[in-house]
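Take a walk through this fold, one element at a time. Keep the coordinates open as you read.

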Amino acid sequence: MINIKEGYITEEIFSRPGIKGYWVNIEGKMEKCIAYPDLLGIIELGDRVSLNTTANTLNLGSGGYHYIIANLSNSDKELTPKGHIMKLRYTPMQVKVLSVEEEESPYHEEMLKANSLDNTPVLVGTLHSMLAPLSLLLGQEDYKIAYLMTDGAALPLAFSHNVHELKKRGLLHGTVTVGHAFGGDLEAVNIYSGLLAAKTIFEPDIIIVTMGPGIVGTGNKWGFTGIEQGEILNAVEALNGIPICLPRISFADTRDRHRGISHHTLTVLSRVCRVKAIVPLPDLGKEKLSYMLEQIRFSSLVDKYDYTLEMADDTLKIMQKSNFQLTTMGRTLADDKEFFLTLGAASLTASNLLRGKNINKLTLV
């Protein structure tokens with residue numbers, strides 16, 4: 001059930017392409033809200049708006065913002081001229097987009113021929129917080145990066161402050177939103193056509209795939225949206241790409257199920273992924289590395305994947321000097337350095353592949 005209230009826009013808080021934040025007066029109380037202009041049209045101060053207040057009412061992780069459903073002061077909005085694919089289908093907020101596969105698309109003919117990733121490395125993660133560190137590390141080597149955002153979490157790409165900042169710095173060459181996610185430079189129907197679009201249109205050196213901000217987890221082995229990682233790795237291999245699994249690793253998380261290699265990663269690798277992906281690991285010293293290797297052995301994953309081991313300490317220094325607010329689950333580089341060292345290890349493995357070097361395979365017995 002949706003909790004809906006009305007209010008009046010009083011002040012703009014922030015603005016960036018595709019998203020705006022406002023103060024809204026709801027029954028005499030000042031609260032924060034977010035508007036997506038592509039869905040709503042122009043919002044002006046004093047406008048009366050209808051808001052979805054459900055997440056805040058339930059104290060869920062919405063960042064303290066309500067979401068504008070409709071501008072009741074301006075109902076004269078025109079549809080964008082092109083596109084026939086609906087995202088958020090059969091909901092009150094369904095939105096029309098021009099999908100890259102459609103006949104009207106300027107890329108239609110190219111997409112009809114697209115059939116292979118041609119051995120492009122594809123880094124597949126679960127958390128949106130993996131995107132910025134990888135982009136910073138690979139971008140500083142001048143690799144051309146395409147980002148594909150799935151619909152496993154936030155659906156509007158504009159919600160991601162990280163994507164906005166990475167594009168401003170020129171670190172993302174192009175973005176694709178697939179499924180019901182929307183707002184990328186290209187829209188695609190599913191993960192397969194999205195990957196092919198990223199490769200065909202942007203011609204990147206490397207593709208990074210993660211969901212947007214806001215992974216859903218329940219504490220249940222199967223009940224988390226990051227389980228999509230396994231199916232994406234399968235898709236990469238099916239399209240002749242190089243699937244690289246970004247393991248979720250932490251020794252700062254207080255929950256046992258996320259200690260070392262997270263149960264999210266172990267579930268994906270043991271039960272969902274069906275291809276021999278590359279799994280980069282950081283050298284965290286004897287004790288922590290032994291803990292992770294024992295997790296791999298206990299899960300019967302020794303022979304299923306190609307593991308690499310990377311000394312990634314220098315990548316941490318690059319991230320520290322990047323002047324980028326890097327966090328994961330509210331933890332900083334200093335709070336959870338193993339998480340970020342894992343991404344450093346992945347960037348080193350990917351860089352070796354792009355340079356035609358042998359990857360640093362870890363022999364497990």
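Which residue in β12 is the bridge partner of M149? It is T210. Before going on, note that this is a predicted model, where local features need pLDDT of at least 70, side-chain atom pairs count only at pLDDT 80 or more, and totals for chains, interfaces and linings use all residues. Residues are numbered from 1 along each chain as its sequence is written, and side-chain values use heavy atoms, with hydrogens and water left out.

Helices (H or I, at least four residues) and strands (E, at least two) are DSSP runs, numbered from the N terminus. Two strands pair if DSSP finds at least two bridges between them. β9 pairs with strand β12 (residues 206-211) in the parallel sense, over six bridges. β9 also pairs with strand β10 (residues 174-178), again in the parallel sense, over four bridges. There, A146 stands opposite G174 in β10.

How many of the six residues of β9 are buried? Six of its six residues are, and the strand is mostly covered. Buried means under 20% relative accessible area, exposed means over 50%, and partly exposed lies in between (1.4 Å probe, protein chains only). Both faces of β9 are covered. One side carries I145, Y147 and M149; the other carries A146, L148 and T150.

Now step back along the chain. The loop between α4 and β9 (145-150) holds D142. Its phi is near 65°, a positive value in a residue other than glycine. D142 counts as exposed because its relative accessibility is 70%.

Helix α4 is next. Nine of the nine residues of α4 are buried, so the helix is largely enclosed by the rest of the structure. Among them are L131, L134, L136 and G139. What do the buried residues of α4 pack against? Their partners are β8 (121-124), β9, α5, β12, α10 (313-320) and α11. Contact means heavy atoms within 4.5 Å.

Take α5 to begin with. The axes of helix α4 (residues 131-139) and helix α5 (residues 161-168) come within 10 Å and cross at roughly 10°. That makes α4 roughly parallel to α5. Axes are lines fitted to C-alpha atoms, for helices over the stretch in contact, and angles run from 0 to 180 degrees between N-to-C directions. Angles under 35 degrees count as roughly parallel, over 145 as roughly antiparallel, 65 to 115 as roughly perpendicular and the rest as oblique. The crossing of α4 with α5 is left-handed. A crossing is left-handed if the near helix is turned anticlockwise from the far one by less than a right angle, and right-handed if clockwise. L131, A132 and S135 of α4 meet N162, V163 and L166 of α5. By class, that contact has four nonpolar, two polar and no charged residues. Ala, Val, Leu, Ile, Met, Phe, Trp, Tyr, Cys and Pro count as nonpolar, Asp, Glu, Lys and Arg as charged, and the others, Gly among them, as polar.

Turn to α11. The axes of α4 and helix α11 (residues 337-354) come within 9 Å and cross at roughly 40°. The two helices are therefore oblique to each other. Their crossing is right-handed. P133, L134, L137 and L138 of α4 meet F340, L343, G344, A346, S347 and A350 of α11. This contact divides into eight nonpolar, two polar and no charged residues.

A closed barrel of five strands runs β1-β2-β3-β5-β4, with mixed pairing. Neighbouring strands of this sheet are turned by 55° against each other on average, direction ignored. Strand β1 (residues 4-16) and strand β2 (residues 19-26) pair in the antiparallel sense over seven bridges. Within that pair, V24 in β2 is the bridge partner of I9.

Two single residues close the tour. L88 lies in the loop between β6 (85-87) and β7 (95-97). Phi of L88 is near 55°, a positive value in a residue other than glycine. L88 counts as buried because its relative accessible area is 14%. A188 sits in strand β11 (residues 186-188). A188 is buried too, with a relative accessible area of 1%. The C-alpha atoms of A188 and V100 are separated by 5.6 Å, although the two are 88 residues apart along the chain. Residues that A188 touches include K87, E101, V176 and S193, not counting residues up to four places away in sequence.
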